[in-house]
Amino acid sequence: MTVPTESAPPASPASTSAAAARARPRWTLYYELTKPKVVALIVFTAIVGTLLASPGWPPFAALVWGNLGIALAASCAAAINHVLDRRIDEQMSRTRSRPLPTGGLEAKQALLFAGVLGVLSMLVLWFLVNPLTAVLTFASLIGYAVIYTVYLKRATSQNIVIGGAAGAAPPVLGWAAVTNSIDPNALLLFLIIFIWTPPHFWALAIARKDEYAQAGIPMLPVTHGVAYTRLQVLLYTVLLVLVTLMPWIVRMSGLVYLAAVLVLNARFLYYAFQLKMTERAELPMKVFRFSITYLMWLFVALLVDHYIPTTQLPTPPLYGPEVFGP
């Protein structure tokens, strides 16, 4: 005769995540602190800025050391964000498995790691690239890691709009690494990412509205409702369509870019319109994921167009021998 035994209660998701984090190699936890997918997109747009700033192949220092320094700074900002948001991350399903909420790393370890990355970034940019790129990169780091994360994120529903300036800076940084100046064309790339950020992130915020509300973060869907946020996503997408035509209008890019951006904008507008008119549960995340693809291919189109100079339509002369004769 066997003695009945009481079965152990099932492990909670939090304890399971903590156990998994402790079992992972330590280097993978530090790697996760850098938010590698986010940093990859940041560095990609910075590299495009570097390449667009050069008529041919950019200088080695700008291309390699410049983008390495930008990557280190972005990784530093991401690690600081992990530390400052660790209490919020514990309350949200998509972030509670991060290294700090699970106990895989301590806050002081993450801060030390961020400090090392930040110092290395500034040394590389200041001494191997140019001081302007170092200063601009440092300002972007502070803008995201401190001004946005500490204040804006918790203070206003326009946190993404205002804080988007830091995320829009990488093409300007890559351009400055080549030219040691702030070029109007680089600012146009900045404007594109700046306008892209709200519809990109508000789509995610709609999908995670309840989690943001529980964490006390005043994202737009929490403060103004989902219907209002859907309208804002559509309006910002319309504005994005107009802004992304400007590289062609100002002759920065040619027909390859124009063809690509027309297709990408049509798709983004379709998704944004669907998001506004319907309440299908899967649409917010679909818009969020497409927006990442959208930005990547838009910058690829800029790059391809840059190396195919024959794609620009000729500008007819307003006066001169071709019009008035000899």
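Phe-190 and Phe-194 both belong to helix α10 (residues 184-207), where they are four residues apart, about one turn of the helix; helices here are DSSP runs of H or I with at least four residues, numbered from the N terminus. Phe-190 is partly exposed at 24% relative accessibility, and Phe-194 is partly exposed as well, at 23% (buried means under 20% relative accessible area, exposed over 50%, and partly exposed in between, with a 1.4 Å probe and protein chains only).

## A pair between two helices

Tyr-271 and Phe-290 form a tilted aromatic pair, with 5.2 Å from centre to centre and 55° between the planes. Rings of Phe, Tyr and Trp (its six-membered ring) pair if their centres lie within 6.5 Å, and planes under 30 degrees apart count as stacked, over 60 as edge-to-face and the rest as tilted. Because Tyr-271 lies in helix α15 (residues 255-277) and Phe-290 in helix α16 (residues 283-306), the pair ties together parts that are 19 residues apart in sequence.

Tyr-271 is buried, at 11% relative accessible area, and Phe-290 is buried at 14%. Ring pairs also link Tyr-271 and Phe-290 with Phe-268, Tyr-270 and Tyr-294 into a cluster.

## Basis of the values

The model is predicted, so local features need pLDDT of at least 70 and side-chain atom pairs count only at pLDDT 80 or more, whereas totals for chains, interfaces and linings use all residues. Residues are numbered from 1 along each chain as its sequence is written, and side-chain values use heavy atoms, with hydrogens and water left out.
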